[in-house]
Amino acid sequence: MIDDDRKQRLLAAMAEAGIDMLLVYGNAWQGDYLRYATDFSALEGQALALVRGDGHVTLYLDSPLEVDRAEIDCPDIEVLHAPNLIAEVDGALDRFRNQRIGSAPGRLIPRRLAARAKDLNLSDQTAFLDRLLMHKLDSEIAAMRCAAKLADDGYAVFRQAARVGRADYELIAEIEAFFRAHGVDHNFQIIGVGGPEVRGMAPPSGKRLKRGDMVTTELTPRVDGYYAQICRTLVVGEPNGEQRKAHALWLESMEAGIAVVRDGVTAADIARAENDVFRAHGLGEYTTSEYTRVRGHGLGLFVDTKPHILEDVNTRIDAGMTLIVHPNTYHPVVGYMVLGDSLVVMRDGCEVVTATPRELFSVPV
Amino acid sequence: MRRGLMGWDEAELPRSALSARLERLQAAMAREGFDALLLYTNLVRPAAVCWLTGFTPYWIESLLLVPASGAPMLATALSKRVADWIRTTAWLDEIVNTPKPGTAIGQRLAGCKRVGVLELDALPAGLYDDMVAVAPKIELADASAMFAAVRSHVDDAELKLIEKADALAVAALAQVDASATDAGSLAGLVEKHARLAGAEEAYIAIALDLDLDRRLIQVSGPVPLARRFAVRASIAYKGAWVRRTRSFARDPQGARAMASAEAWLPQAMHALRELLPSRGYSTVAASFALLRAELHSQMRGWMAESCVGSYPLEVIASLPMHGKEGPAPGTFLVLSVELAIDDVPWLGAAPVFLRG
């Protein structure tokens, strides 16, 4: 059981770090810290959990709907309905005044609780949990592999769904139905449809596919809490020469990035390898924040976990980390293009876990 | 993360409606002596900012500053490249894209003395710290009650959006066949139908075996459905949320009881439109009493949700934790009811617009 593995590791790490108790916050946007500590992924409302050094976990939820779900999904922890969530946890913390309490993620802890840091001996332990979140156990990697397989299957559904006249949100509707039927409880996905006017991806806006459009997507199914991501671009109809040329560059860049991944490199090394390809083709400008956010990122219990793959991020990449390498950015002639694969970092390289061909796909008109 | 249709259609949400909301809010701020008001938004708490501007973040957090007069300013951690997308979804003249929205807001608050914050206790520490680091002398006060009072009245534009969301939920649940045996596929079918019709978000929950356990859970993958089950569709359309729950049975006794309850639900909801504001929550049970008399049924519980702050829907009353007073006229509620009809468990939920 992944949950048991994580819990043992968490408690051992807490003991080693001298942390008596952890206060963890989570919601449907940033739920990785909470999921690690409780095995619960919040969907509505907010959640706070207290994890004691002896392994007792109390999960406070302000939504009664979520309480029902947590009681069934997480039978081994204490689940409490707390309509006045913050006040109730504030009161609970009073009982642990003499303990060393860590909290995470520090930036999202409600202000009222964070304001009592001195009073409660509360310290920000985000970095402590980040280390656990980044370095995966075998069972965590196994879940991520399952998610990667479903990312491939999901992209096949996406390609089948893409045809002239369909709206962008209809494509996503097809994928979500497939995912619910196949064990994916959540999916992060953004999309871009069009040509040079498209500068990024976002949720669907109702655009209908037409001949010549590039359709970009970042598809990120979650299995047992773990996300894997795939980024691909397709063209409605036959790709033109510029689109093919651009895709060849993206492929070269992604493969250059993947080629340097191994235990001991830094996030910056991977980004630099990707960006050097763009620079060599005179497109270095398009690797900047004006046109792109990151050149890849960590994957796990959060879609966009640390480390971010950027040339100014010197986080060491270790065996057991899971990442996506994606040189997604804008191309001045064809528009925004994406290509990315998920991988597991190994001692001497990496194992790419998504298997969809690295093609510029086309769908018949 | 949102992945359904998102976009601002002025025919659905006219600027005049948003202006009127802003005007009402700024009038309330003046009465409270606030120089500005801060509204936080993220994926889970989007409702207040959406009500005022139409904007819902699909990702990451933002903070809206409502000045004492003039247009609001959104400070968002969404990157600059996304600013154009935000403008396609909302009425926002000023958007500041910054990794530190709290700092940007703090800088803008220079000169303010007293600032209201919706749900002040819940403001994330990072935003708060960044804000007070640049605006240390500002007095922050919780403005949740003031906001709830202004926001409780549902205007015509919001009413139409809620009705549209409800129509999507009704149509999606109409896809359910009582003979279904796999919960994961069923959840996918309902969700797909809602999304194909333009839902911004769709959360589908299922009680797999009503005779054993009436709790509704999120289901994915192959999971068997018992002969009696219930499906809840929580659907968002352009920021307006509703819930609908329906129960289904394959056995004749169960199907009969559920059909009776389902036929009664609209009548009960209709009665509650008038009764709730005037006579309070005790009328919820009374509205189902006629059904009880007819079918020997028993009220096991009910829950009323509304939008009063940053959550799209939150519980404002339930059995047995309700006060004597009912909700204000002009309010919108989702009422979820749990009955046993001739010993057949039944779950239902539907929206109610209280006569204003």
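A pocket here is an open set of grid points where a 1.4 Å probe fits, with protein on both sides within 12 Å along at least five of seven lines. Keep that in mind as you tour this predicted model.

**Stop 1: the second largest pocket.** This pocket holds about 920 Å³ of space. To find its centre, select A:Asp62, A:Pro83, A:Asn84, B:Tyr311 and B:Glu314. Of the 45 lining residues, these are the closest to the centre.

**Stop 2: the lining.** Which element gives the most? S12(B) does, with five residues. By class, the lining has 25 nonpolar, nine polar and 11 charged residues.

**Stop 3: the two domains.** Show domain 1 (2-151) and domain 2 (156-353) of chain B. Both give residues to the lining, so the pocket lies between them.

**Stop 4: a helix pair.** Two packed helices are described by the angle between their axes and the distance between the axes. The crossing of H1(B) and H6(B) is right-handed.

**Stop 5: where they touch.** On H1(B), show the side chains of B:Arg24, B:Leu25, B:Ala28, B:Met29 and B:Glu32. They meet B:Met146, B:Phe147 and B:Val150 in H6(B). By class, this contact has six nonpolar, no polar and two charged residues.

Note on methods. Residues are numbered from 1 along each chain as its sequence is written. Chains are lettered from A and ligands numbered from 1 in the order in which they are written. This is a predicted model: local features need pLDDT of at least 70, side-chain atom pairs count only at pLDDT 80 or more; totals for chains, interfaces and linings use all residues. Side-chain values use heavy atoms; hydrogens and water are left out. A crossing is left-handed if the near helix is turned anticlockwise from the far one by less than a right angle, and right-handed if clockwise. Helices (H or I, at least four residues) and strands (E, at least two) are DSSP runs, numbered from the N terminus. Contact means heavy atoms within 4.5 Å. Ala, Val, Leu, Ile, Met, Phe, Trp, Tyr, Cys and Pro count as nonpolar, Asp, Glu, Lys and Arg as charged, and the others, Gly among them, as polar. On a 1 Å grid over the protein atoms alone, a cavity is a set of points where a 1.4 Å probe fits but cannot get out, and a pocket is an open set with protein on both sides within 12 Å along at least five of seven lines; lining residues have an atom within 4 Å of a point. Grid points are joined across faces, edges and corners, and a volume is the space filled by probe spheres set on the points. Domain bounds come from an automatic or database domain assignment.
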